[in-house]
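Visitor: I would like to see how labels get attached to a structure. Can you walk me through a few?

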Amino acid sequence: MAEEAVFDLIHMEAVSYVFQGEKISEDEAVAKLEHMGFATGYRLVERLTRESGRFKDELDIMKYICKDLWVTVYKKQIDNLRTNHQGVYVLHDNRFRFLSHMAAGKQYLQYAPRYLAFTCGLVRGCLANLGVTCVVTAEVTQLPACKFQIQVQRG
């Protein structure tokens, strides 16, 4: 339990540092957090999959992200995985860990992307290491629920 609190505090402090510590634009700060997440995810999935077998297809990789990776990092599974079977996957988390501490309602909705950038990078980094090139975006309409959309790049 203690390591979960430390992880939450480090994440909050990283967001605070990037947005308040340096004089950069909002977009640059989000990109910096996303890059931190990418580097973390790239390394993390290498360790986590060291003992596992190969994934049979892209959907199998996405199921791994939703179950095993999400449980390892966020201590719960993704609530819902949707796909159009053409390279678009939507991961629904009804109580996202980094947003659950924010007040429910719309007053803090504008700050939500700051707390999702690291995770977007984390997922993109994991998938990149597993051979899936993609773009990961996040959307929040009602706190603390969010959706992560993964658009696989073909070619």
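Visitor: Where does A145 lie?

Guide: A145 sits in the loop between β3 and β4. Keep in mind that this model is predicted.

Visitor: Why does A145 count as partly exposed?

Guide: Look at its relative accessibility, which is 24%. Buried means under 20%, and exposed means over 50%. The value for A145 falls in between, so A145 is called partly exposed.

Visitor: What does A145 touch, leaving out residues up to four places away in sequence?

Guide: A145 touches D93, N94, L99 and V140. D60 is another matter: A145 and D60 are 24 Å apart, C-alpha to C-alpha, and 85 residues apart in sequence.

Visitor: Which residues have the most contacts inside the largest nonpolar core?

Guide: They are F96, L99, L127 and I150, in a core of 34 residues. Two or more residues come from each of α3, β2, α4, β3 and β4. The largest share, nine residues, is from α3.

Visitor: What does L127 touch, again leaving out residues up to four places away?

Guide: L127 touches I61, M62, I65, V132, C134 and I150. Apart from this core lies another, of six residues, including V15, V18, F19 and L33.

Visitor: How do you know that the span of α4 is close to the expected one?

Guide: Compare two values. α4 has 18 residues and reaches 27 Å from its first C-alpha to its last. At 1.5 Å a residue, 26 Å is expected.

Visitor: Which residues of α4 are buried?

Guide: Among them are A112, L116, F118, L122 and L127. After α4 comes G131, with a positive phi near 90 degrees.

Visitor: Which residues of α3 and α4 meet?

Guide: In α3, they include I61, M62, I65 and W70. In α4, they include T119, L122 and L127.

Key. Residues numbered from 1 in each chain as written. Predicted model: local features only at pLDDT ≥ 70, side-chain atom pairs only at ≥ 80, totals over all residues. Heavy atoms only, no water. Core = buried A, V, L, I, M, F, W, Y, C linked by side-chain atoms within 4.5 Å. Buried < 20%, exposed > 50% of the residue type's maximum accessible area, 1.4 Å probe, protein only. Helix = DSSP H or I, 4+ residues; strand = E, 2+ residues; numbered from the N terminus. Contact = heavy atoms within 4.5 Å. Expected span 1.5 Å × (residues − 1).
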